[in-house]
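Colleague: I am new to this one and would like to learn how to read it. Could you take me through it step by step?

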Amino acid sequence: MGEKLGEGKTKEVFYLDEDHVLLKFKDSVTAGDGLKKDEIEGKGVLNAQTSALFFRVLESAGIPTHYVSMKDERTMIAKKLSMIPVEVVARNIATGSIVKRLPIKEGEIFDPPIVEFFLKDDSRHDPLLNYSHMEYFKLMSRREAEEAEDMIKRAIKVLSDYINKRGLILYDLKLEFGRLKGNLVVGDEISLDSMRVRNPKGEIYDKDIYRRGEPLDKVKSKYSEFLGLMSH
Ligand SMILES: Nc1ncnc2c1ncn2[C@@H]1O[C@H](COP(=O)(O)OP(=O)(O)O)[C@@H](O)[C@H]1O
Ligand SMILES: [Mg+2]
């Protein structure tokens, strides 16, 4: 591997060439802005594989992503982006922070999906941003924010359809965008760490299992079962 360019809570970034990076998915799992942290052997492989699968699904639907190919089972070759430190969230069904923040009930259905922007800042618990904030902090122009909104709405539709066909339900999705030659591109990862998925009985498949303090082997078995279901 080339020079290490950076490292976050779940991935390491290495230099590959002028235009590409390697993203190596670690076995760490975190919640509560990094306060709760554990290791699950093999989790990095599962998230790398899940991400690769969903990036390919988005690419086939004409949504630009950073995905190029896999170098090994936990290392992705990706286009090098200038990352924007904003989490863009789209919600089909209410759960998580939105039901605490607003007078919205668990399970309320959003059609069209609700889109929200959050600053990636663990020390401030990822505060909600509006267009003015994003312009003030030079994160995204209003035009770019609208473009990101349009892209995540298309992405949640495509991914919901894909996941529905395999018997599960996509509640919400978080994307991180970067810029390449002035254009927005979906970067980072698309895994059970960044989306909420349940089956029709309400059984949880995503990182909420970990957030709720359930055993680590249950987290791993659900991540693994999900990848199996999504793989054909
Ligand atoms: N295509 C890309 N080009 C450059 N950096 C990327 C790309 N995709 C993701 N990254 C960066 O990889 C880093 C590590 O990811 P991660 O471990 O998820 O970090 P964090 O803990 O901040 O969420 C992040 O800083 C993210 O912005
Ligand atoms: Mg991350």
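Modeller: Gladly! A helix here is a DSSP run of H or I with at least four residues, and helices are numbered from the N terminus. Keep in mind that this is a predicted model.

Colleague: How many residues does α1 have, and how far does it reach?

Modeller: The general idea is to compare the reach with 1.5 Å a residue. Helix α1 covers residues 43-60, which is 18 residues, and spans 26 Å from its first C-alpha to its last, close to the 26 Å expected.

Colleague: Is α1 mostly covered or mostly open?

Modeller: Buried means under 20% relative accessible area. In α1, 14 of the 18 residues are buried, so the helix is mostly covered by that cut-off. Over the protein, buried residues make up 51% of the 232 residues.

Colleague: How many helices and strands are there in the protein?

Modeller: The protein has six helices and 14 strands.

Colleague: And why does the radius of gyration agree with a compact globule?

Modeller: Because a compact globule of 232 residues would have a value near 17 Å, and the protein has 17 Å. Its C-alpha atoms fill a box of roughly 45 × 40 × 35 Å along the principal axes.

Colleague: Last one: how far apart are the mean positions of the positive and negative charges?

Modeller: For the 39 positive and 40 negative charges of the protein, those mean positions are 1 Å apart.

Definitions and conventions:
Residues are numbered from 1 along each chain as its sequence is written. Chains are lettered from A and ligands numbered from 1 in the order in which they are written. This is a predicted model: local features need pLDDT of at least 70, side-chain atom pairs count only at pLDDT 80 or more; totals for chains, interfaces and linings use all residues. Side-chain values use heavy atoms; hydrogens and water are left out. Helices (H or I, at least four residues) and strands (E, at least two) are DSSP runs, numbered from the N terminus. The radius of gyration is taken over C-alpha atoms; the globule rule is 2.2 Å times the number of residues to the power 0.38. Buried means under 20% relative accessible area, exposed over 50%, partly exposed in between (1.4 Å probe, protein chains only). Lys and Arg count as positive and Asp and Glu as negative; His and the chain ends are not counted. The place of a charge is taken as NZ of Lys, CZ of Arg, CG of Asp or CD of Glu. The expected span of a helix is 1.5 Å times one less than its number of residues.
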